[in-house]
Amino acid sequence: MKEVCLYTDGACRGNPGPGGYGAILVYGRHEREISGGEPETTNNRMELMAAIAGLEALKEPCAVTLYSDSKYLTDAFLLGWVESWREAGWRRGRDELKNPDLWERLYSLTKTHEVSFVWVKGHAGHEYNERCDKLATGFADSFITG
């Protein structure tokens, strides 16, 4: 099974507001940048979309180490919350979980690929995190500047 590193970040100008996401796939010496966004979204949706877009870009099942500065994303998997949310119908206690559509997509992708989540401190000079941030903020800004 191929071993791939996936670096992700999401950004939003206002929350909600124009948003973007960036992902970089690294396999050996090969790198692929992915970005996208929505004109009206939230930061958390963009964090999830970065992970989804990166995993969906893989053409075959891979062992993926996914790096993110989003505790929202990484803790959900590292602490096992996503399993209990899914079992409860994407609910947290009595409350409906935000972004259930994206959580379901991401959860399914983690069953296709062997995904390990790693939290990295944002805006701390991590090369790939900084590059993902530029991709994400650039896409978010494109909705503002046209």
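Author: The largest nonpolar core has 33 residues, and Leu55, Leu66, Leu73, Phe77, Trp103 and Leu106 touch the most other members. Such a core is a set of buried Ala, Val, Leu, Ile, Met, Phe, Trp, Tyr and Cys residues joined through side-chain atoms within 4.5 Å. Buried means under 20% relative accessible area, with a 1.4 Å probe and protein chains only. At least two core residues come from each of strand E1 (3-12), strand E2 (17-27), H1, strand E4 (63-68), H2, H3, H4 and E7. H1 gives the most, eight residues. Helices (H or I, at least four residues) and strands (E, at least two) are DSSP runs, numbered from the N terminus.

The model is predicted: local features need pLDDT of at least 70, side-chain atom pairs count only at pLDDT 80 or more, and totals for chains, interfaces and linings use all residues. Residues are numbered from 1 along each chain as its sequence is written, and side-chain values use heavy atoms, leaving out hydrogens and water.

Now H4, residues 100-112. Its buried residues are Leu102, Trp103, Leu106, Tyr107, Leu109 and Thr110. Seen down the axis of H4, they fall within an arc of 160° (directions from the axis to the C-beta atoms), so they line one face of the helix. They pack against helix H1 (43-56), helix H2 (71-78), helix H3 (81-87) and strand E7 (114-119).

Leucine 55 touches Leu106, Leu109 and His113, among others; contact means heavy atoms within 4.5 Å. Histidine 113 lies in the loop between H4 and E7. At 4% relative accessibility, histidine 113 counts as buried. A polar atom of its side chain lies 3.4 Å from the backbone oxygen of leucine 55.

Key: Expected span 1.5 Å × (residues − 1). Buried < 20%, exposed > 50% of the residue type's maximum accessible area, 1.4 Å probe, protein only. Polar contact = N/O pair within 3.5 Å; in protein donor to acceptor, adjacent residues only side chain to side chain. Lists of a residue's contacts leave out its neighbours within four places in sequence.
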